[in-house]
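Let's take a walk through this protein, starting with the whole chain and then stopping at a few spots along the way. Have the model open as you read.

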Amino acid sequence: MTVTRLDQGQRHRPRMAFLKKIEALMMEMQNPDTGVKTQTQRVMITNIPHAVAGNDILQWILQRLQITQEEALHLGDLFVKYGYIYPLQEPKNLTLKTDGSLYRFQTPYFWPVQAWPADDTDYAIYLAKKNIKRKGILEEYEKEHYNMLNQKINYKWDFVIMQAKEQYKAGKERKKADRYALDCQERAYWLVNRTPPGMLDALEYGLDRVTDPNENKKKTMDVYRREIMYYQQAIMKSRVKSSVSLGGLVKYSEQFLSNDPILSGCLPSNPWITDDPEFWDLNAKLVEVPTRMRVERWAFNFSELIRDPKGRQNFQLFLKKEFSGENLSFWEACEDLKYGDQSNIKEKAEEIYKLFLAPGARRWINIDGTTMGITVRGLKHPHRYVLDAAQTHIYMLMKKDSYGRYLKSPIYKEMLAKAVVPQETVKKRQVKLDVIVGSNFPFGRRHLRSSPSPVILRQQEEEAKAKEAATTVDITQVMSKLDRRSQLQKEPPK
């Protein structure tokens, strides 16, 4: 079997530390004095050297690690699944049997902890050799892999066939016991590294890493200094009680409940159910008159206002009256630079600098000297986020200074007063859906009512009984009234 090494940038695997622990146990297990005793065993009509029974492996794990039998059996299964031990009698069954089933230790050269993954060329040679040996009889998944590799590495397929024939000839010259053990070893290796459909891939590492996460580096004074600084900063961070954070979460949920289309429904109707586009028309980006719910949401926080195009438009009118409209224009220009076309970044950055930041600029904005210095240095090598410091400064200025006055201004109050409140409508398709799936269809407008308390229900029952007792009719009084009425009818008129 040929083995090729990949470049150093692809060889580090996240689970290397776990595999190294298994490797240490395997070294102890193969120790001639304290490890598992191996001996020549007879398989079919062949004597296989250095074989070991599954029960012996289990007993050694129990004595060495002092764990329960269930844990020892699970660990033994991992040894087989990861390819450190391979079965001799049932090569396809990668589990540890606690009986007289025979196993052998895999050659350390093929352990998963090695720094090279299984190569497609090696697998193609193995399949070609197996195809020659069995005269075309392969498993279904092996046939698929064989055909796929033939197309993938067709440029060196002659080399693959040549290697397969040479290895097949060399195998026939070996002793029968060695040939049988090598076949089991090779089959177990490829069952682990090229898992058949339906089997668990134990070597699924995820993405390879450029750096080794398990490398033991010698720590210098600089490393310790950085660690001390990190822990000092971590200690100084403010901590919040869980009750405070949960209270904030509840407050946020209650505040945004009426604006949640799933929990509170959509007005005037749900466009996905009714095919009525009125919801989209009322909530267009720059609609002339927005909905009242949308305008009320601007008062939740500054980010809600500035994320809404209509809210920014209305906020810009207020800023112009305060002669600070360039602040929001600068913020929008920075957003356009950040999320715009990559090819125009340098030109856009220079244009923003000349318009807002340069001395004597036409729409000059007021930022502190430190932020200006950071921005000017960054503009020597412009990129998407070169104006982040200045943008953050202007954002906080608008949030702390202008936003509060905007909410109290006549501009916001006038917009809130003329905002529309859509009325709930039911279209034909909505009626059909209500008939098919019931009125409690999800995403519809539902009025949520809380269940009454049992105490209130009991009080209501007692009040109803009291009213009923108070209105009980007296039969004697009714009869006396009827007798008096009959006597009056019998008396002749005078």
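A word to settle before we start: a contact means that heavy atoms come within 4.5 Å. Among contacts in this protein between residues at least 6 apart in sequence, 65% join residues at least 24 apart. What you're looking at is a predicted model, where local features need pLDDT of at least 70 and side-chain atom pairs count only at pLDDT 80 or more, while totals for chains, interfaces and linings use all residues. Residues are numbered from 1 along each chain as its sequence is written, and side-chain values use heavy atoms, with hydrogens and water left out.

So what is the chain built from? It has 22 helices and four strands. Both are DSSP runs numbered from the N terminus, with helices being H or I runs of at least four residues and strands being E runs of at least two. Of the 494 residues, 34% count as buried. Here buried means under 20% relative accessible area, exposed means over 50%, and partly exposed is in between, using a 1.4 Å probe and protein chains only.

Our first stop is helix H5, residues 140-152. The expected span of a helix is 1.5 Å times one less than its number of residues. For the 13 residues of H5 that gives 18 Å, and the end C-alpha atoms are 18 Å apart, which agrees. Which residues of H5 are buried? They are Tyr141, Glu142, Tyr146 and Leu149. These residues cover an arc of only 140° around the axis, so they sit on the same side of H5; the arc is that of the directions from the helix axis to the C-beta atoms. They pack against helix H4 (120-133), helix H6 (157-172) and helix H7 (176-193). Turn to the other side of H5 and you'll find Glu140, Glu144 and Gln151 exposed.

Zoom in on Tyr141 in that helix. It counts as buried at 15% relative accessibility. Leaving aside residues up to four places away in sequence, Tyr141 touches Tyr123, Leu191, Arg194, Pro196 and Pro197. Tyr141 and Pro197 are 56 residues apart along the chain, yet their C-alpha atoms are separated by 7.4 Å.

Next, a pair of helices. Two packed helices are described by the angle between their axes and the distance between the axes. For H17 (residues 369-378) and H18 (residues 388-408), the axes come within 8 Å and cross at roughly 150°. Axes are lines fitted to C-alpha atoms, for helices over the stretch in contact, and angles run from 0 to 180 degrees between N-to-C directions. That makes H17 roughly antiparallel to H18, a label for angles over 145 degrees, with under 35 being roughly parallel, 65 to 115 roughly perpendicular and the rest oblique. Thr371, Ile374 and Thr375 in H17 meet Ala389, Ala390 and His393 in H18.

Most residues other than glycine have a negative phi, and most peptide bonds are trans. The bond from Leu267 to Pro268, however, is cis, with omega near 5°. Pro268 is in the loop between helix H9 (242-256) and helix H10 (271-274). Asp275 isn't a glycine but has a positive phi of about 60°; this residue is in the loop between H10 and helix H11 (278-282). Asp275 is exposed, with a relative accessible area of 52%. His50, in strand E2 (residues 46-53), also has a positive phi, near 55°.
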